[in-house]
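Open the model in your viewer and colour it by secondary structure. We will go stop by stop.

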Amino acid sequence: MAEDCIRESGYLVPDADRLAELVRSGLIQRLYKRNHKDNGALEQILNRILEALREHRDAETLVLFLCEECGQVAVDEKPDVCPNCGSDHIKRY
Ligand SMILES: [Zn+2]
């Protein structure tokens, strides 16, 4: 019932099985890799969300750092310079 209401409101209900399939397919990773040398923290972020969904809890708060030049993402620790493009314009989220 709650899921139906959420869907009716136009929101996507996160589903652990579907997210796991998406992670396994590598689609998001491939799209990200088109513009970045590696996955950055993408795989780590997806897996943390997946873990939370499987355990029926909120995902833990992640400290994210985004390179403002190229969009490279890092989790938890701010890199001195972007490992993808070398920029030092890295913003915390
Ligand atoms: Zn960068």
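Predicted model: local features only at pLDDT ≥ 70, side-chain atom pairs only at ≥ 80, totals over all residues.

**Stop 1: the whole chain.** Select everything. The chain has four helices and three strands. Trace it from the N terminus, and the elements come as α-α-α-α-β-β-β. How many of the 93 residues count as buried? The share is 5%. Now think about contacts between residues at least 6 apart in sequence: 36% of them join residues at least 24 apart.

Stop 2: Select histidine 56. This residue sits in the loop between α4 (42-54) and β1 (64-67). Phi of histidine 56 is near 55 degrees, a positive value in a residue that is not glycine. Is histidine 56 buried or exposed? It counts as exposed, because it has 7 C-beta neighbours inside 10 Å, and the cut-off for exposed is 12 or fewer.

**Stop 3: the sheet.** Select β1, β2 and β3 together. They form an open sheet of three strands in the order β2-β1-β3, with antiparallel pairing. The edge strands are β2 and β3, and each of them pairs on one side only. Neighbouring strands in this sheet are turned against each other by 25 degrees on average, ignoring direction. What holds such strands side by side? Strands of a sheet pair through backbone hydrogen bonds, either parallel or antiparallel.

**Stop 4: β1 with β2.** Three bridges join β1 to β2, and the two run antiparallel. Select leucine 66, then look across to β2. Its bridge partner there is valine 73.

**Stop 5: β1 with β3.** Bring β3 back. Three bridges also join β1 to β3, again antiparallel. Which residue of β3 is the bridge partner of cysteine 67? It is isoleucine 90. Now select phenylalanine 65. Its bridge partner in β3 is arginine 92.

**Stop 6: the loop between β2 and β3.** Aspartate 76 counts as exposed because it has 10 C-beta neighbours inside 10 Å.

Then select lysine 78, which lies in the loop between β2 and β3. Why does lysine 78 count as exposed? Because 11 other C-beta atoms lie within 10 Å, and exposed means 12 or fewer. Show its contacts. Leaving out residues up to four places away in sequence, lysine 78 touches Phe65, Ile90 and Arg92. Finish with the distance tool. Pick the C-alpha atoms of lysine 78 and cysteine 67, which are 11 residues apart along the chain. The two atoms are separated by 9.9 Å.

Definitions and conventions: Residues numbered from 1 in each chain as written. Buried ≥ 20, exposed ≤ 12 C-beta atoms within 10 Å, placed from the backbone. Contact = placed C-beta atoms within 7 Å. Pairing = 2+ DSSP bridges. Axes fitted to C-alpha atoms, helices over the stretch in contact; angles between N-to-C directions.
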